[in-house]
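Student: Could you show me how to read a model like this one, feature by feature?
Tutor: Gladly; have a look at it before we start.

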Amino acid sequence: MAGRAPGGSARGGGDGSRTAGSASLSARAREEVLQRIVDRRYPQGARLVEREVAEELSMSRVPVREALRALVAEGLLELLPHSGVRVRRLERADVEHLYEVWEPLAVQASRLAARAVAAGDTAGLDVLEELLRQAETAAAQDEGAREVAAHTAFHEGIVAMAGNPLLGRTMEQLSWQLRLLFGLRAEPAHMRAQHAEMHRHIAAGDQEAAAAGTLLHVRDSRAVALRTLFGEA
C-alpha cells in the first residue's frame, strides 16, 4: 500500500489512465487475434503461444494474455491440458446453436428495417446496395475474405437500419462467430441473390416479404454450413 497517493490525488488519475490504456491494448489485441481466426491465419485447432502472438502483434505479453483469456471465456479459444491455448474447432452443435439464435434476430432486424423505410427513414439503403456490389465484385475476383466481410457488413447494416439498440447490442455478441462461420462455409451464388432480394423488400418497406426472404436466407445458410463443414444438412 506504500506509495499510494491519499484521497484521490492526481497520482490516482494517472493510475486510471494507465488502466484505461491497458484495457485499450487488450481490446486491440483481442480484435487482432479474432481477425486472424476469422481469416484463418490461425486455423481451427492451431496452438497459440502467448509470446509468439505478442511478437507478431508488436505488443507486450500482458494485453495479449488478457485478450487470450477473454477469447477463452467467449468460446473461440480453449485451454490446452498443460499450457497455452488453441483455436477451438466448431462442432455441429456450435453451428446449430448459433443459427437457432441468429435466425429470429435476423428476421426481426429485416422486418424492423422495412418498417423504418415505410415510415420514411431510408438512411442505410445506399450502404446496403454498395455492400451488395462489393460482394459481387469480390466473388467475381475470387477474393473470399472480402466477400465474407461484405456479407457480414450487409447483415450488420440491416441491424443498424432496424433502429433497435437492444437488438444491435445482442447482435454484436454474435458478430465474430458469424464472421468465423461465414469464412468457413461456401457462399453459393443463389445466396448472394437472396441478399439482393432482402434489400429489394426492405427498400420497398414490405415488412413481411423482408422477414420471409431473410428466413429463407438464414435457413439456406444453415444448410450450406452443415454441408460444407460436416457433409450433412
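The dialogue below goes through a helix, the nonpolar cores, an arginine and some backbone angles.

Tutor: This is a predicted model, so local features need pLDDT of at least 70 and side-chain atom pairs count only at pLDDT 80 or more, while totals for chains, interfaces and linings use all residues. Residues are numbered from 1 along each chain as its sequence is written, and side-chain values use heavy atoms, leaving out hydrogens and water.

Student: Which residues of helix 6 are buried?
Tutor: Buried means under 20% relative accessible area, exposed over 50%, and partly exposed in between (1.4 Å probe, protein chains only). Among the buried residues of helix 6 are His151, Phe154, His155 and Ile158. Their cover, counted by contact (heavy atoms within 4.5 Å), includes helix 4 (92-118), helix 5 (125-140), helix 7 (165-184), helix 8 (189-203) and helix 9 (207-230).

Student: Which members of the largest nonpolar core touch the most others?
Tutor: In soluble globular proteins, nonpolar side chains tend to be buried together. A nonpolar core is a set of buried Ala, Val, Leu, Ile, Met, Phe, Trp, Tyr and Cys residues joined through side-chain atoms within 4.5 Å. Here the largest has 33 residues, and Trp102, Ile158, Leu167, Met171 and Ile202 touch the most other members. Helix 4 gives the largest share, 11 residues. A second, separate core of 23 residues includes Leu34, Ile37, Val87 and Leu184.

Student: What does the side chain of arginine 30 contact?
Tutor: A polar contact is a pair of N or O atoms within 3.5 Å; within protein, one must be able to donate a hydrogen and the other to accept it, and residues adjacent in sequence count only if both atoms are side-chain atoms. Arginine 30, in helix 1 (residues 10-38), makes one with the side chain of glutamate 31 at 3.1 Å.

Student: Where is serine 58 found, and is it buried or exposed?
Tutor: Serine 58 sits in the loop between helix 2 (50-57) and helix 3 (61-74). Its phi is positive, about 55°, although it is not a glycine. Serine 58 is exposed because its relative accessible area is 68%.

Note on methods: Helices (H or I, at least four residues) and strands (E, at least two) are DSSP runs, numbered from the N terminus.
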